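Let's take a walk through a two-chain model together. Have a look at it first, then read on.

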Amino acid sequence: MVEWTDFERATIQDIFSKMDYEVVGPAALSRCLVVYPWTQRYFGNFGNLYNAAAIMGNPNVAKHGTIILHGLDRGVKNMDNMKEIYAELSVLHSEKLHVDPDNFKLLSDCLTIVVAAQLGKAFTGEVQAAFQKFMAVVVSSLGRQYH
Amino acid sequence: MTTLSAKDKEVVKAFWAKVSGKGEQIGTDAVARMLTVYPQTKTYFSHWKDQSPSSPSVRKHGITVMAGVGDAVTKIDDLKGGLLSLSELHAFTLRVDPANFKILSHNIMVVMAIMFPKDFTPEVHVAMDKFLAALSLALAEKYR
């Protein structure tokens, strides 16, 4: 069971309640596809991913980025049982999507950068620590059902 | 993983020209964040009386690190050769586990995103990520 301090809980709720999922999701996913191009292997049917401009403007990427953020929302609303909440999604990513779980960390790092850019000075070291802890639990939960 | 293309080098140099004026601030914030977000990194600084983010030791170290990064930008065409003595320092005297270079690189980029949100585009991000990775590799060159 993950232990969360009051500060960590409040920080996570605060960050996500103020976040526009339809901006941050696409920004994070498209950044991931640019910075770590091998992640494109999972999006063969998304159309044009030939260069950064194409990726950033690709509507399938944008749509999927938003879906991912809504997936994170589940964790935000269930911080005390994230393993259970993500069990089904973990099975999906392992058995159907065949995503190497290392990729979850790559996307998480890109999301951190996007959130940092959005929050600016408000993204203090303490806030960053809380955010990265939350993301680490998500990443771990998503990798849990792999076998 | 570490060959920088001509375009990578161009992008890194251009971005560095924009941000180097704030180098001290970037370095200080990056080191402070590293100590806060990755507390295990504090083990290398047990000789500091004050390990808090606002301490003079953190500021001094941030300045030192960023000066090293800036120097590496000027030696971007031969990082291994250019960073030889720094690598020896880290290998034989400091003996910092190279895993920590990745951690500090991440925090440097978080600070860049915070301070230059419009300029730290995905293209700049990938070039900077590659550059910091190449820098880290050059720094670990003399370890064994």
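Chain A carries 13 positive and 15 negative side chains, and the centres of the two sets sit 4 Å apart. Here Lys and Arg count as positive and Asp and Glu as negative, while His and the chain ends are left out of the count. Each charge is placed at one atom: NZ of Lys, CZ of Arg, CG of Asp or CD of Glu. Chain B has 18 positive and 14 negative charges, and their mean positions are 4 Å apart.

A word on where all this comes from: the model is predicted, so local features need pLDDT of at least 70 and side-chain atom pairs count only at pLDDT 80 or more, while totals for chains, interfaces and linings use all residues. Residues are numbered from 1 along each chain as its sequence is written, chains are lettered from A and ligands numbered from 1 in the order in which they are written, and side-chain values use heavy atoms, with hydrogens and water left out.

**Chain A as a whole**

How many helices and strands does chain A have? The tally is 8 helices and 0 strands. Both are DSSP runs numbered from the N terminus: helices are H or I with at least four residues, and strands are E with at least two. Going from the N terminus, the pattern reads α-α-α-α-α-α-α-α. With a radius of gyration of 15 Å, close to the 15 Å that the globule rule gives for 147 residues, chain A is as compact as a globular protein of that length. (That radius is taken over C-alpha atoms, and the rule is 2.2 Å times the number of residues to the power 0.38.) Along its principal axes, the C-alpha trace of chain A covers about 45 × 40 × 20 Å.

UniProt, in an unreviewed entry, lists "domain: Globin" for residues 3–147 of chain A. Over residues 3–147, chain A is 71% helix and 0% strand, with the end C-alpha atoms 26 Å apart.

**Chain B as a whole**

Chain B comes to 7 helices and 0 strands. Its radius of gyration is 15 Å, close to the 15 Å from the globule rule for 144 residues, so chain B is as compact as a globular protein of that length. The C-alpha trace of chain B spans about 45 × 35 × 20 Å along its principal axes.

For chain B, the unreviewed UniProt entry gives "domain: Globin" at residues 3–144. That stretch of chain B is 69% helix and 0% strand, and its end C-alpha atoms lie 21 Å apart.

**Inside and outside**

Of the 147 residues in chain A, 49% are buried, and of the 144 residues of chain B, 48% are buried. Buried means under 20% relative accessible area, exposed means over 50%, and partly exposed is in between (1.4 Å probe, protein chains only).

The accessible surface of chain A is about 7500 Å², with 56% of it belonging to carbon and sulfur atoms. Chain B exposes about 7400 Å², and carbon and sulfur atoms supply 56% of that. These areas come from the Shrake-Rupley method with a 1.4 Å probe; for residues, only the protein chains shown count as cover.

Now for contacts, meaning heavy atoms within 4.5 Å. Among those with a separation of 6 or more, residues 24 or more positions apart account for 75% in chain A and 77% in chain B.

The table shows where each one sits.

| Residue | Place | Relative accessibility |

Next, find Met1(A) in the segment before α1 (6–17) of chain A. Met1(A) has a relative accessible area of 82%, so it counts as exposed. Where does the chain bring Met1(A) relative to Asn81(A)? The two are 80 residues apart along the chain, and their C-alpha atoms are separated by 7.5 Å.

Finally, look for Pro56(B) in helix α3 (residues 56–74) of chain B. Pro56(B) is exposed, at 60% relative accessibility. Its C-alpha atom is separated by 31 Å from that of Ala127(B), 71 residues away along the chain.

Definitions and conventions. UniProt positions renumbered as here; feature names shortened; annotations may be inferred.
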